Amino acid sequence: MPTMARDRNGRRQYTAEFKREQIERITRGEITAAELSRELGIARSLLQRWKHLMATAGETAVQANEPVP
């Protein structure tokens, strides 16, 4: 996994492209959310949020990390 940028609080910052690629891996059935969570070292709930945002509002939501009306 490539090195991720971090914000001032030390949290990793993921690009929209990275998020999209990871959710596509789940959607294709290549890997489960639980397996990907372990692989990336992030919470499964974060992956679920990315997936939900992509399904409901698409790319704009993923980039903003929030639902888009």
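A crossing is called left-handed if the near helix is turned anticlockwise from the far one by less than a right angle, and right-handed if clockwise. That definition comes up in two of the close-ups below. The model is a predicted one, so to read the views: local features need pLDDT of at least 70, side-chain atom pairs count only at pLDDT 80 or more, and totals for chains, interfaces and linings use all residues. Residues are numbered from 1 along each chain as its sequence is written, and side-chain values use heavy atoms, with hydrogens and water left out.

**View 1. The whole protein, for orientation.** The protein has four helices and two strands, where helices (H or I, at least four residues) and strands (E, at least two) are DSSP runs numbered from the N terminus. Along the sequence they come in the pattern β-β-α-α-α-α. Of the 69 residues, 30% count as buried; buried means under 20% relative accessible area, exposed over 50%, and partly exposed in between (1.4 Å probe, protein chains only). As for contacts (heavy atoms within 4.5 Å), those with a separation of 6 or more include 32% between residues 24 or more positions apart.

**View 2. Helix α1 and what follows it.** The end C-alpha atoms of α1 are 16 Å apart, which agrees with the 16 Å that its twelve residues should span at 1.5 Å a residue; the expected span is 1.5 Å times one less than the number of residues. Buried in α1 are Ala16, Phe18, Lys19, Gln22, Ile23, Arg25 and Ile26. Just past the helix, Gly29 has a positive phi of about 85°.

**View 3. α1 against α2.** Helix α1 (residues 16-27) and helix α2 (residues 33-40) pack at about 140°, their axes 9 Å apart. That makes α1 oblique to α2. For the record, axes are lines fitted to C-alpha atoms, for helices over the stretch in contact, and angles run from 0 to 180 degrees between N-to-C directions. Angles under 35 degrees count as roughly parallel, over 145 as roughly antiparallel, 65 to 115 as roughly perpendicular and the rest as oblique. The crossing of α1 past α2 is right-handed. On the α1 side, look for Phe18, Gln22, Arg25 and Ile26, which meet Ala33, Leu36, Glu39 and Leu40 of α2.

**View 4. The buried face of α2.** Ala33, Leu36, Ser37 and Leu40 are the buried residues of α2. Looking down the axis of α2, they fall within an arc of 105°, so they line one face of the helix; the arc is that of the directions from the helix axis to the C-beta atoms. The buried residues of α2 pack against β2 (12-13), α1 and α3.

**View 5. α2 against α3.** These two helices, α2 and α3, pack at an angle of about 115°, with axes 8 Å apart. Here too the crossing is right-handed, with α2 passing α3. From α2, Ala33, Ala34, Leu36, Ser37 and Leu40 meet Arg44, Leu47 and Gln48 in α3.

**View 6. The loop between α2 and α3.** Ile42 sits in this loop, and Ile42 is buried, with a relative accessible area of 8%. Leaving out residues up to four places away in sequence, Ile42 touches Arg12, Tyr14, Ser37, Leu47 and Trp50. Arg12 is 30 residues from Ile42 along the chain, and their C-alpha atoms are separated by 9.8 Å. Ala43 is also found in the loop between α2 and α3, but Ala43 counts as partly exposed at 42% relative accessibility. From Ala43 to Ala33, ten residues apart in sequence, the C-alpha to C-alpha distance is 9.4 Å.

View 7. Helix α3 (residues 44-57) has 14 residues and reaches 20 Å from first C-alpha to last, close to the expected 20 Å. Its buried residues are Leu46, Leu47, Trp50 and Leu53. They cover an arc of only 125° around the axis, which puts them on the same side of α3. Ser45 and Ala55, on the other side of α3, are exposed. The axes of α1 and α3 come within 10 Å and cross at roughly 95°, and the two helices are therefore roughly perpendicular to each other. Phe18, Lys19, Arg20, Ile23 and Ile26 of α1 make the contact with Leu47, Trp50, Lys51 and Met54 of α3.
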